[in-house]
Amino acid sequence: MTSHPEYNEKTTATEVANAFSDRIRDRNEASAVVITGVGPNSLGEALAVAIAAHSPAKLFLASRTKAKLDEVLKKISTERPRASSNVELVILDLASQKSVREAAGQILSNVNHIDILINNAGLMILKQEFTAEGIELQFGTNHIGHFLFTNLLSEKMGPDVGSSQGAGSTRIVNVTSAGHRLSPFRFHDYNIDGKPVPDEEQPPAAMIAAYGKVEAYNGWIAYGQSKTANILFSVDLNQRLKAKGVASYAVHPGSIWTGLARNLDEEGTEILSKTGSYWKSIDEGAAPMMVAALDPALDGTPEPKGVYISDCQIAEAAPWATDLDAAKKLYELSANLVGMTTA
C-alpha cells in the first residue's frame with residue numbers, strides 16, 4: 001500500500017513532489033535523478049519541473065532532440081533559477097544502441113550515485129519500422145533501448161555505492177501503459193512479422209475476435225507487447241537488483257494527449273480517443289511515476305504482482321506481464337540483442 005491511499009487519477013506530480021520533498025532534497029551531493037523522454041508539454045517535462053522544484057543534487061534530462069531539452073531547461077530556469085544550475089542535458093536516441101551507450105557514458109562520468117531513473121520515453125506507431133540494429137521500433141525503443149540504458153547505469157545504483165537512504169529507496173521506474181493488455185510478449189515473433197506463435201503468446205480473445213490472429217505487422221500488437229515488456233522488465237529487475245537494494249515499478253500514466261500519439265493516422269487517433277474516460281493533464285499523468293519514484297511506503301522489493309502502478313496506487317496487471325518465467329526469458333532475449341552476457 002502507498003503512503004497516500006487518497007491519491008487518485010486527479011493527483012498531480014507537483015503534489016506528490018511536495019509530499020515527498022525530503023526524498024529529493026536530502027540526497028547526498030554526488031547523487032542524481034535521471035529522466036528520459038523529456039520535451040515540451042510532455043510527461044518528461046512535468047516530471048523534470050516537479051523534481052527540479054525540490055533542488056536535487058543533479059538532474060539529468062535525456063531526449064533525442066537538443067532543442068526540446070533546451071525548452072524544458074528554459075522553463076526550469078524561469079521557474080527555479082537556482083535549480084537549473086544542477087541540470088545536465090543528455091542526447092539519447094533509444095533506437096540506437098550506440099547513442100544509448102554514449103548517453104550512459106556521459107552520465108556515469110559525471111555522478112557517483114544514481115538515486116532515481118525514470119524510463120519515461122516512449123513511441124507509438126502503426127507502420128513497421130526498425131531500430132539501427134534491425135529490431136522492431138516500438139519494442140526496440142520502448143524496451144530494448146531502456147534495457148541497455150538501465151543496465152549500463154545500474155553500476156551506480158544502490159546503497160552500496162553511496163545512497164544516503166536505505167534499501168529500496170533507489171528506484172527504477174519503467175513507464176508502461178494499460179496498452180500492455182493488448183498482447184503478451186511474442187518471444188517467437190518479437191519483430192511482429194506474423195510468424196506463428198504458441199497460444200500463450202497470442203493476443204487476448206477479444207483482440208482476436210476484433211482483428212483476427214496476427215498474420216502481418218500490427219502496430220497495436222507491437223505497442224502492446226512493448227508495454228508488456230516494460231512491466232516484465234521491472235519484475236526481472238527486482239529479482240536481479242534486490243541484493244543491491246534497488247526497487248523497480250512499472251507505471252501506467254493514464255489517458256493523456258501527448259506527443260506519444262503524434263505518429264498515428266486519423267483512424268488510429270480515433271481509436272485512441274475511445275480508450276479513456278478521464279483525460280489527464282501532464283501534471284496528473286506524471287503523478288503515478290512520482291509515487292513510484294519517491295513514496296517511502298514502497299521501499300523494499302515488491303512481489304511480481306505488486307510492481308504495476310496506476311492512478312497513484314498499486315494495481316493489477318495482466319497475468320502475462322508479471323510472470324517470472326517470462327521476465328527471465330525476456331531478460332535473456334534482451335541481453336542477447338544488446339550484446340550483454342547473461343548470468
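User: What's the bridge partner of Val-251 in β7?
Analyst: Ile-309. This is a predicted model, so local features need pLDDT of at least 70, side-chain atom pairs count only at pLDDT 80 or more, and totals for chains, interfaces and linings use all residues. Residues are numbered from 1 along each chain as its sequence is written, and side-chain values use heavy atoms, with hydrogens and water left out.

User: In which sense do β6 and β7 pair, parallel or antiparallel?
Analyst: Parallel, over three bridges, with β6 at residues 246-252 and β7 at 308-310. Two strands pair if DSSP finds at least two bridges between them. Strands are DSSP runs of E with at least two residues, helices are H or I runs of at least four, and both are numbered from the N terminus.

User: And what's the strand order in the sheet?
Analyst: β3-β2-β1-β4-β5-β6-β7-β8, eight strands in an open sheet with mixed pairing. The edges are β3 (87-91) and β8 (313-314), each pairing on one side only.

User: Which strands does α8 lie across?
Analyst: Helix α8 (residues 219-240) lies across β5 (170-175), β6 and β7, at about 160° to β6. Axes are lines fitted to C-alpha atoms, for helices over the stretch in contact, and angles run from 0 to 180 degrees between N-to-C directions. Helix α10 (residues 282-294) also packs on the sheet, touching β4 (113-119), β5, β6 and β7. Contact means heavy atoms within 4.5 Å.

User: Switching to helix pairs: how do α6 and α8 pack?
Analyst: At an angle of about 20°, with their axes 7 Å apart. They're therefore roughly parallel to each other; that label is for angles under 35 degrees, while over 145 is roughly antiparallel, 65 to 115 roughly perpendicular and the rest oblique. Among the residues making the contact are Phe-139 and His-143 of α6 and Tyr-223 and Phe-233 of α8.

User: How many aromatic pairs are there?
Analyst: The count comes to five aromatic pairs. Rings of Phe, Tyr and Trp (its six-membered ring) pair if their centres lie within 6.5 Å; planes under 30 degrees apart are stacked, over 60 edge-to-face and the rest tilted. Phe-139 and Tyr-190 have ring centres 5.8 Å apart and planes at 55°, so that pair is tilted.

User: Where do those two sit in the chain?
Analyst: Phe-139 is in helix α6 (residues 137-153) and Tyr-190 in the loop between β5 and α7 (205-211). They're 51 residues apart, so to speak a link between distant parts of the chain.
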